[in-house]
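Colleague: I would like to go through this model term by term. For each label, please give the value and the rule behind it.

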Amino acid sequence: VVASCTLTSVAFFMDENSRSSASLHNASFPHFREIGSSIKQLGGDLARASSALSTSSLSYCSDDEKPKKKNYLPQLYIYDHCPFCVRARMIFGLKSIKHNLVFMSSDDWDTPEGLVGKKVAPILEIKHEDGKDEVMPESMDIVWRIDNDPKYGQPLLKGKPELREDLAQWMKDTRDLFRRALHTRHVMVPLPEFQFRSAREVFIQRHPLAEPSDYNENYYNSALVEEMNQKLLELDAMIFSPECCTDGGLSYDDIAVFGKLRSVTLIRGIKIPPKMKAYIESMSE
């Protein structure tokens, strides 16, 4: 088999003089004559087939041979701890949309700046078939963009990307509390964005706390946990049901509220009210 394959290759690429030499060689080795005759016949068959193909129309092919369109998945650049990144991730989960997650390191400037010109998260990147890239930051803009894309079905969220006034006020009132109670714990958890000491140091530098500003002091401050428990009771009264924060179904309120609540389970000693616990578990599915 090896001999016939080798000879076949030679026969197709030799010039006329070489072919004469090959004939003399075959004459010297009678057991190659039959192989040489087969090669000659094969060459004639291929020549006739080649001629037929050159005059045939190849304007169609089977379904299996048709070039398939590239299916680019949306790509989200995020930090795992970030409540705004949770917002963007939620709409993909709620609508069961396949996507890629890229966890950026906290000390990585190049990736976000290369995409949108500044160090922010989340960032959505969508590659289109025409070769153009669509890139956008801002969590609620991303949620609206995906929820209202006909490619992913009918819009799921009710209302507009605006919070109920009572929820917006609660978030404003608890902003400093959440920073003290959660930022100090995020950097102690082996999250993707904090895998390097330099990444943790960058995060602490970029997220300073008012006095008392020491991260360790705030981490061990039990008064913060007690205050958090009280604030969670206030929010619990604002939650409509385990399925949705606001009467009428899933809305942008849920996107914001769950994004805020996702990390509270990191706090030892936290007391999550029953209705809120059911809500968190429902949104986590």
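**Salt bridges and burial**

Modeller: Let us begin with Glu 234 and Lys 231, which are three residues apart in helix α11 and therefore separated by about one helical turn. Bear in mind throughout that this is a predicted model.

Colleague: What makes Glu 234 and Lys 231 a salt bridge?

Modeller: Their closest N and O atoms are 3.7 Å apart. The rule asks for a Lys or Arg side-chain nitrogen within 4 Å of a carboxyl oxygen of Asp or Glu, so the pair qualifies. Side chains of opposite charge can pair when their charged atoms come close.

Colleague: How do you know whether Lys 231 is buried or exposed?

Modeller: Lys 231 has a relative accessible area of 19%. Buried means under 20%, so Lys 231 is called buried.

Colleague: Why are Glu 125 and Lys 127 said to meet in a salt bridge?

Modeller: The N to O distance between their side chains is 3.9 Å. The limit is within 4 Å, so they are counted. Glu 125 is buried at 9% relative accessibility, whereas Lys 127, with 38%, is partly exposed.

Colleague: What makes Asp 80 part of a network of salt bridges?

Modeller: Asp 80, Arg 89 and Arg 262 are linked through such bridges. In the one between Asp 80 and Arg 89, the closest N and O atoms are 3.0 Å apart. Asp 80 is buried, at 14% relative accessible area; Arg 89, at 23%, is partly exposed. By this rule the count of salt bridges comes to 10.

Colleague: Which residues is Leu 261 in contact with?

Modeller: Beyond its neighbours within four places in sequence, Leu 261 is in contact with Leu 232, Leu 235, Met 276, Tyr 279 and Ile 280.

Colleague: Why are the buried residues of α7 placed on the same side?

Modeller: In α7 (residues 165–173) the buried residues are Leu 167, Trp 170 and Met 171. They cover an arc of only 95° around the axis, which puts them on the same side of α7. Glu 165 and Lys 172 are exposed on the other side. The cover over the buried residues includes α4 (83–94), α8 (175–186), α11 (222–236) and α12 (252–261).

**Loops and backbone angles**

Colleague: Why is Ser 106 called buried?

Modeller: Ser 106 is in the loop between β2 (100–103) and α5 (110–116). Its relative accessibility is 5%, and under 20% counts as buried, so the label holds. Not counting residues up to four places away in sequence, Ser 106 touches Tyr 79, Lys 119, Glu 193, Phe 194, Ala 199, Val 202 and Phe 203.

Colleague: How many residues apart in sequence are Ile 239 and Met 276, and how far apart in space?

Modeller: They are 37 residues apart in sequence and 7.3 Å apart in space, C-alpha to C-alpha. Ile 239 is found in the loop between α11 and α12. With a relative accessible area of 2%, Ile 239 is buried. Met 276 is among the residues that Ile 239 touches, including also Cys 244, Cys 245 and Tyr 279.

Colleague: What is omega for the cis peptide bond that joins Ala 121 and Pro 122?

Modeller: Omega is about 5° there, and Pro 122 lies in the loop between α5 and β3 (123–127). Another cis peptide bond joins Glu 211 and Pro 212, with omega about -5°. Most residues other than glycine have a negative phi, and most peptide bonds are trans.

Colleague: What is the phi of Ser 96, which is not a glycine?

Modeller: Ser 96 has a positive phi, about 55°. Its place is in the loop between α4 and β2. Glu 138, at 47%, counts as partly exposed.

Notes. Residues numbered from 1 in each chain as written. Predicted model: local features only at pLDDT ≥ 70, side-chain atom pairs only at ≥ 80, totals over all residues. Heavy atoms only, no water. Contact = heavy atoms within 4.5 Å. Buried < 20%, exposed > 50% of the residue type's maximum accessible area, 1.4 Å probe, protein only. Helix = DSSP H or I, 4+ residues; strand = E, 2+ residues; numbered from the N terminus. Arc of directions from axis to C-beta.
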